[in-house]
Amino acid sequence: MDQWETQIIPRDQGAPVSIKIQRGIFQGDALSALWFCIALNPLSSALNNLKQGYPLNKELKLSHLMYMEDLKIFSDTEKGLNRQLRCIENFSNDIRMRFGLEKCKVSRLHRREWRRMDGHQLTQHSGGGKITTLDKAEIYKYLGLAQARGIDSKSVKTLLTERFKERVKHILKTRLVGRNMATAINSYAVPAVTYSFGIVDWTPTRTTLTKFCAHHPRAGRERVHLPRNIGGRGFSDLRICHKTQVERQQKYFHKKSESSALHRAVTGLDRSLTPLMLQVTHYQCDPRYSIFELETQWRGKELHGRYPNLLDSADLNKPASVGWLTNGNLFPETEGFMCAIQDQVIPTRSYLKHIIKDPTVTTTNCRICGEGHENVEHLISGCRILAPKEYTTRHDNVAKIVHQEIAFNLKLLKEKCPYY
């Protein structure tokens, strides 16, 4: 690196200026991440050439794990570990990279039990200092996951759950429309949890939108996670994400084990050591966790299933009927309320008497007209008292929106008034 230099040529075509590169890689450039990996790749080869590491089987030793600048080394002896550390130290000196001692620790385990050992003293050429040992009750982070003798599943799950809920709350407090809010939660909040799928052993659960009035507590739960083009709300189901990711990771390891000795050894050793259970040739996951099964459950419900089954009627235009969901221009509260109406969970007399089993409701007659059963269909289009006023007003309001759109398209209006 002592010989590295570059030239900068001014725009006014002046004399080139030589700049000597003394340490590090410039950040912010699109290629800086690639250059960083290229610069550190020889370190991986140097560690493998030492023939040190932890034996996975008779033929293979695992010497290290490395992702970008996060490096984790393994050895079956303290002498071998010191050789690896010295190799890293020499390589770091060559490329002018220094140890972040506050992030470096050494740990020793004997038959899965913690043992005390001396740290590693750096040379003066590396700036001095010492890599200290990891205390018995201390944990460290590798690739964002808390670890010690293994991954601390309990603390990781607690942290990720809190982070997930906090992100969902931040999004729900915004004024995003329904479709954009679902997209924001799927792309910003959900990855906070899915990052650990296949690594941390847990069963993810469905979150609730009820607190922020975006979902009625008695509306169809399956509908929340179904695609919008079939009448759903489009929020990711963590159970389906978990199943999909674990299956993909297991297929990846089994495929790589055909050509990679490391993956073959890891697959052979995983006797329920990880949630992937790699010795199982096919991951058996609950078949209920799929979009098809969710839709089947939704359609099979006596009350909630009336709307999706009605959408498939031959005389209905399904894309137009769910256009308000696919366009997603309504606020989540409005979407949730409309879904509750379609799921017929509004507290009408018929719902309270037959579904909730409220003992105080003795009759299902309409409270307005006194005729017919008071249910959603009756209130929307069958009440003779509401017909001459409320139904006519609703019709006229829709006509006003259509009239305004026509006038705006014909440039008779310069701006539109919101429908609400």
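Student: Which residues have the most contacts inside the largest nonpolar core?

Tutor: Keep in mind that this is a predicted model. Nonpolar side chains tend to be buried together in soluble globular proteins. The largest nonpolar core here holds 23 residues. Those with the most contacts inside this core are F164, I185 and L209.

Student: Which element gives the most to this core?

Tutor: At least two residues of the core come from each of β12 (145-147), α3 and α4 (178-189). With six residues, the element that gives the most is α3.

Student: How many residues does the other core have?

Tutor: Another core lies apart from the largest one. Among its members are L50, C87, V106 and L122. The number of residues in this other core is 15.

Student: Is K165 in the positive surface patch buried or partly exposed?

Tutor: K165 forms the positive surface patch together with K169, K173 and K211. Its place is in helix α3, residues 153-172. Buried would require under 20% relative accessible area. K165 has 49%, so it is partly exposed.

Student: What is the area of the nonpolar surface patch?

Tutor: This patch is made by V398, V402, I406, F408, L410, L412 and L413. One of them, I406, is found in helix α16, residues 387-409, and counts as partly exposed at 47% relative accessibility. The area of the patch is about 650 Å².

Student: What is the phi of K51, which is not a glycine?

Tutor: Most residues other than glycine have a negative phi. K51 has a positive phi instead. K51 sits in the loop between α1 (32-49) and β3 (54-55), where it counts as exposed at 63% relative accessibility. Its phi is about 60°.

Student: Where is K357 found?

Tutor: K357 is not a glycine, yet has a positive phi of about 60°. With a relative accessible area of 58%, K357 is exposed. It is found in the loop between α14 (349-354) and α15 (376-381).

Student: How many residues apart in sequence are the parts tied together by E335 and R233?

Tutor: The side chains of E335 and R233 meet in a salt bridge, at 3.1 Å from N to O. Both residues are buried. E335 lies in helix α13 (residues 332-342) and R233 in the loop between α6 and α7 (238-256), so the parts they tie together are apart by 102 residues.

Student: Which residues are linked in a network of salt bridges?

Tutor: The structure holds 13 salt bridges. A bridge needs a side-chain nitrogen of Lys or Arg within 4 Å of a carboxyl oxygen of Asp or Glu. The residues linked in a network of such bridges are E295, R299, D312 and K318.

Key:
Residues are numbered from 1 along each chain as its sequence is written. This is a predicted model: local features need pLDDT of at least 70, side-chain atom pairs count only at pLDDT 80 or more; totals for chains, interfaces and linings use all residues. Side-chain values use heavy atoms; hydrogens and water are left out. Patches are made of residues with over 30% relative accessible area and no salt bridge: like charges are joined within 9 Å, nonpolar side chains (Val, Leu, Ile, Met, Phe, Trp, Tyr) within 5 Å. Accessible areas come from the Shrake-Rupley method with a 1.4 Å probe; for residues, only the protein chains shown count as cover. Lys and Arg count as positive and Asp and Glu as negative; His and the chain ends are not counted. The place of a charge is taken as NZ of Lys, CZ of Arg, CG of Asp or CD of Glu. Helices (H or I, at least four residues) and strands (E, at least two) are DSSP runs, numbered from the N terminus. Buried means under 20% relative accessible area, exposed over 50%, partly exposed in between (1.4 Å probe, protein chains only). A nonpolar core is a set of buried Ala, Val, Leu, Ile, Met, Phe, Trp, Tyr and Cys residues joined through side-chain atoms within 4.5 Å.
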